[in-house]
Amino acid sequence: MRTTRLLALAAAAALTVGLGATGTAVASGSPSPAPAAAEPVVFTVGMLGDIDSANPFTGIAAESYEIFQLEYPTLTEYASSDFSIVPGLAESWEESADKTTWTYKIRSGVTWSDGTPLTAKDVEYTFNRVLNGEYEQTNYGSYVENIAKVEATDDTTVVFTVSKPSPIMEKLYVYILPQHIWKDIDEKAVTSYKNEGTPKEPTVGGGAFVMVERKVGQYIRMQANDNYYGGRPAVDEIVYRIYKNEDALGQALKAGEIDFAEGLNANVAKSLEGVEGITTVSAVYSGFDEIAFNVGAALDDGTAIGDGNPLLEDVKLRQALQWAVDRQALVDKVLGGGGSAGSTVIPPIYADLHLEPANAFGYDPEKAKALLDDAGYAEGPDGVRVDSEGNELRFRLFSRSDSPTSQKSSEFVKSYFEAVGVAIDLKVVSEDALIEIVGQGNFDMFEWGWVVEPDPNYQLSTFTCANRSYKDGEDIYANLSDSFYCDEEYDSLFEKQSVETDSAARAEIVKQMQQKLYDDSPYLVTFYYDNYEAYRSDRFTGFVPQPDPDGALLFQYGTWSYESIKPVVKAEQGETGAPAASESGVNWPVIIGIGALVVVAGLVGALLARGRNKDIDSDDRE
Amino acid sequence: MSAPVVPPADAAGAPDPARRSPRAITRARRRASAARFWAQFRRNRSGMTGLAVLAVFALAAVFAPVFFDRSSLDVTQATGLPFEPPSWEFPLGTDDVGRSVLALVVWGARISLVVGLAATVISMVIGTTIGIASGHYRGWFGGALDRLTDWFLVIPFLPLAIVLATVLGRSLLNIIIVIGVTSWPGTARLIRAQTLTVESRPYLERSRALGASNTHQMTRHVLPNVMPLVLANTTLAVSISILSETTLSFLGLGDPTTVSWGSILEQAFSSGAISQGAWWYLGAPGVCVVLVVLAFNLMGRAIEDILDPREA
């Protein structure tokens, strides 16, 4: 998915020092005592967005998916350690020798949260509902594209017949729904079905938790499912509270209103560091930012479009530019250290798939200059390089007004490019406008980013010839490709990986594709950014990062942390009942600053008053 | 007492005025009134304070490249650490990428002052033209201009400026235009009122009777008489233009490639200077805006007092 990068991350401006200097010594409130045995264990999560719907056929927000995966099982899951495929509701699975069918073995003796048995029939029902549905296809259509037939041959066996082999068959992320509930919700009713549950009548699910209450824009409550096949979680209840901004979220964590804060920005996270009882995590994330080059905008049929500068079609020029950018400086100064230098389009969080190129482009402006000289771009009279026909290397670089990160990194890139004699006209436009500009091919370079799924298919498809813009009637519409990269060899590799069901063999192809993209340089991947989380380590322990060891603790592909966290018992907590110290330390610099402003204002006032009096006097005299 | 109207008795000390050409007389008269104006202005303490403050900023803006090399604005060549508090090396601390805030503020003065002055010129030209014309022509034309002024006057400034800035795109010229074309109606109102007073004077009736054209009346008789008011109002309008520039830049509508006080404030805000307690980052540009606006206001007041245009 295209990232509308969180403003939060955007504000991840460099903040490596100065915390001590600013003297924000904030004493934490006293940790609340661990709950007594009789009281339910409630785990409260603060987040910045509400779910858009609790109906798994409707919701698309990240928060909604977090709820769905807690409520409903999937056949397979992504391992917490490294995103490898592990059993979920299915114990085992197998592709037939002729690659036409997949047989899944479902766990036996599993029941839904209301006690009804959960069998292969439910799996068959769910997949058929998606296959035969129209509304149901919106969220899950891509998983069933090549499934011709689904059949439960007995209570624990499901057989999928496929039209062509596909690695997606191991990653069918379709939430299995209880047939006895959903059969009563017909194709019309499903479009407006809320699926929110009430304390008396919780939703019926097969996951670790079920939903018992929702107050739109305020909170969502989930209750542990006693019948969960993975074992009942130690936490009895999860409450998601919705906050309006990162500062409020950070304060709530500090004050102990919540146990976990999701989606902080670098500043707030840094201000929480060192606070007693709070642990902050700069979790590696699956997103990257890039400078994309217009390598020759064209429609999917090859017709050239747009007004991109044709000089950028030269791969030598693009490679030279790759050497001109100090990616580590971007990480340090734009992200505040929360990330890592970029290389290929599959982030290193996916260790099995990510390629760390052997021929890495480092930061070497001298080499960039030498490469440009060799490629025939000599320095012109005003320091801007020109090609053999005298055309200046002057390019438009679009950055996004919606994202301070985008603007800041564009500013850096502009400086780096200009340092090697490539002139940049920086233009800042809204993301909506940029989608339009890019789709029409009316750009030279732009700054944006992607969030990459564990399955690389989607991300890799954004560089295929077929996914360039297309024409419908007279109008040109944007497709997934935003660099207009088109290469026969790449396309054939793409086809090859999309039908390769052996994951090791597929990873090999995916790496080849990354190498190809790296060398051809339609993108200059600037950095992989982190996601900031923080939690009350004086209250809960046992979080499972995905991937191990520095990944996200919540909002993962899976529900690993929810299933394994435990309340911290009093004995371990050591000294409790510390006096509720003053909530905020004194922030002298701010006070001095305000004082200075007051003094200035006072002087101003005094001067004005003087002026007035004098005016009156002189008036009188006259 | 208005400068152009009152004839200087023997200000230039010319022994024989009759021998000089009318042009020379006018020039002498102007020089004399300028000298008198300066003498009065010098005695106005608040006016002089404003002038001094402004001189400091103007010098800083003009000689910015002497004090700080242009590279001190380059994010990739920042020498400090992010959010360093004020020190001898960085008297106003550093910003979120380690650039000297003092260098930013000094360079920012250029853009802020240029935008403020240029926008005021646009606003004054439009305001004066429409003001005089709507006061001079009494028929439907004057009425239409007057309604146009009213119309612009009732549209809230900020939304209009934001819409215009969004439509035109983000560049320095556009921000000047936006401020210029949205801030003239006040001036037009003022000038129109003054025009009406001037037009009712007998000598204008005389010139009309002698067959003076509309243009002649407006440029030769009305304009010189409203000029003091325009001058005083300009000084006050500059401060409003600078504030507008700061506001629009802070809202992210300024030219993203230049450094102005408003854009420094925006940067500070979006990079979390507040939660970092980096008061120098927010305070420095803020205090500069306050000082320059104050300086222009003090001067405007002083000029108004001296020329006293409304009495003319």
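1. The model is predicted.

2. Is Val331(A) buried or exposed? Val331(A) has 24 C-beta neighbours inside 10 Å. The cut-off for a buried residue is 20 or more. Val331(A) therefore counts as buried.

3. Now the contacts of Val331(A). Leaving out residues up to four places away in sequence, Val331(A) touches Gly337(A), Gly339(A), Ser340(A), Ala341(A) and Phe527(A).

4. Next, the domains of chain A. Domain 1 of chain A is assigned to 7-18 + 52-242 + 538-573. Domain 2 of chain A covers 284-530. Their centres, taken over C-alpha atoms, are separated by 34 Å. The two domains touch: domain 1 of chain A gives 24 residues to the contact, and domain 2 of chain A gives 24 residues.

5. What classes of residue does domain 1 of chain A put against domain 2 of chain A? On that side there are 16 nonpolar residues, three polar and five charged.

6. Chain B also has a domain assignment. Domain 1 of chain B is 1-43, and domain 2 of chain B is 52-311. Over C-alpha atoms, the centres of domain 1 of chain B and domain 2 of chain B are 32 Å apart.

Notes: Residues are numbered from 1 along each chain as its sequence is written. Chains are lettered from A and ligands numbered from 1 in the order in which they are written. This is a predicted model: local features need pLDDT of at least 70, side-chain atom pairs count only at pLDDT 80 or more; totals for chains, interfaces and linings use all residues. A residue is buried if 20 or more other C-beta atoms lie within 10 Å of its own, exposed if 12 or fewer, and partly exposed in between; C-beta atoms are placed from the backbone. Two residues are in contact if their C-beta atoms, placed from the backbone, lie within 7 Å. Domain bounds come from an automatic or database domain assignment. Ala, Val, Leu, Ile, Met, Phe, Trp, Tyr, Cys and Pro count as nonpolar, Asp, Glu, Lys and Arg as charged, and the others, Gly among them, as polar.
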